[in-house]
Amino acid sequence: MRSCRVHPSILSADFANLEAELHRIDTADAVHVDVMDNHFVPNLTLGLPVVERIGQVSPVPLDVHLMISDVDRWAPGYADAGAASVTFHAEASAAPVKLARELRARGAKASLALRPATPVEPYLDMLPELDMLLLMTVEPGFGGQAFLDLVLPKIRRARAAIDGTGLPIALQVDGGITRDTILRAAEAGADVFVAGSSVYGTEDPAAAVETLRNVAQA
Ligand code: DX5
Ligand code: ZN
């Protein structure tokens, strides 16, 4: 059986109490940090100085998801700031292979993200350059949206391609992950699950992480 990881997204946490919010999910495998620039997506969150500081106080590694334009220029700084993995969007990168190599050279895991309507096939040849592939299961920009089932066939194709490489490349999904949808995503082949509202929207975020992990692994 595939081992499954759950990464809570602090987009749904209390931004006035980030350190305490991080400690509420200290049994998670990593924390997902959504960086938005109000250009690549129509929303604005936080940037490099805040991510750097979060990294200093977080009990778990940072999984940074960059939803920003001009990402080739900005992403390496997040690796330098201590992110365990840096995810950049294919749609925002002029030179994804070069950027993935640069991230790895700076000690971070390199991860490529695709919006729901972006096909995976043009990126299959660069899988060996990646530690993780993120398939968005909502249009990026906001938490609390409904999971898009139309991405499931792409998850299946990506899983087959990853298995074909024989490399330990993680397959992450992000958006609308709940107890119900995590089952479908896991069955299609995803093994890393980002969950915002279904973790921080509950009384006990650590228990929600545990429940999601158990459901995905069942
Ligand atoms: C959305 C972000 C997600 C978001 C997911 O663009 O990339 O990480 O936090 O939130 P939920 O789990 O509520 O859909
Ligand atoms: Zn995200």
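Me: What makes up the secondary structure of the protein chain, and how are its elements defined?

Reply: The protein chain holds 8 helices and 8 strands. Helices (H or I, at least four residues) and strands (E, at least two) are DSSP runs, numbered from the N terminus. This is a predicted model, in which local features need pLDDT of at least 70, side-chain atom pairs count only at pLDDT 80 or more, and totals for chains, interfaces and linings use all residues. Residues are numbered from 1 along each chain as its sequence is written, and chains are lettered from A and ligands numbered from 1 in the order in which they are written.

Me: What confidence does the predictor assign to the protein chain?

Reply: The mean pLDDT (the predictor's confidence in each residue, from 0 to 100) is 97, and 100% of the residues reach 70 or more. The model scores are ipTM 0.99 and pTM 0.98.

Me: Why does the radius of gyration of the protein chain agree with that of a compact globule?

Reply: The radius of gyration is taken over C-alpha atoms, and the globule rule is 2.2 Å times the number of residues to the power 0.38. For 218 residues a compact globule would have a value near 17 Å; the protein chain has 16 Å, and therefore agrees. Along its principal axes the C-alpha trace spans about 45 × 40 × 30 Å.

Me: Why is His32 called buried?

Reply: A residue is buried if 20 or more other C-beta atoms, placed from the backbone, lie within 10 Å of its own, exposed if 12 or fewer, and partly exposed in between. His32 has 26 C-beta neighbours inside 10 Å and therefore counts as buried. His65 is buried as well, because 29 other C-beta atoms lie within 10 Å. In the protein chain, buried residues make up 47% of the 218 residues.

Me: Why is Leu183 called partly exposed?

Reply: Leu183 has 13 other C-beta atoms within 10 Å, and so it is partly exposed. Leu183 lies in helix 6 (residues 181-188).

Me: What makes strand 3 largely enclosed?

Reply: In strand 3 (residues 62-67), 6 of the 6 residues are buried, so the rest of the structure largely encloses it. One side carries Leu62, Val64 and Leu66 and the other Asp63, His65 and Met67, all of them buried. In a regular strand the side chains alternate between the two faces of the sheet.

Me: How do you know that strand 3 pairs with strand 2 and strand 4?

Reply: Pairing requires that DSSP find at least two bridges between two strands. Strand 2 (residues 31-36) is joined to strand 3 by 6 bridges, in parallel, and His32 stands opposite Asp63 there. The path from strand 2 through helix 2 (residues 48-57) to strand 3 is a right-handed β-α-β crossover; right-handed denotes a path from the first strand over the helix to the second that runs clockwise, with the strands pointing away from the viewer. Strand 3 and strand 4 (residues 85-89) are also parallel, over 4 bridges, with Leu66 opposite Phe88.

Me: Where does UniProt place the feature "binding site", and how do you know that these residues cluster?

Reply: The unreviewed UniProt entry places the feature at His32, Asp34, His65 and Asp174. They are spread over 143 residues of sequence, yet the largest C-alpha distance is 10.6 Å, and they cluster in space. UniProt positions are given in the numbering used here, feature names are shortened, and annotations may be inferred rather than shown by experiment. Contact (C-beta atoms, placed from the backbone, within 7 Å) links His65 to residues including His32, Asp34 and Asp174.

Conventions:
Contact = placed C-beta atoms within 7 Å. Lists of a residue's contacts leave out its neighbours within four places in sequence.
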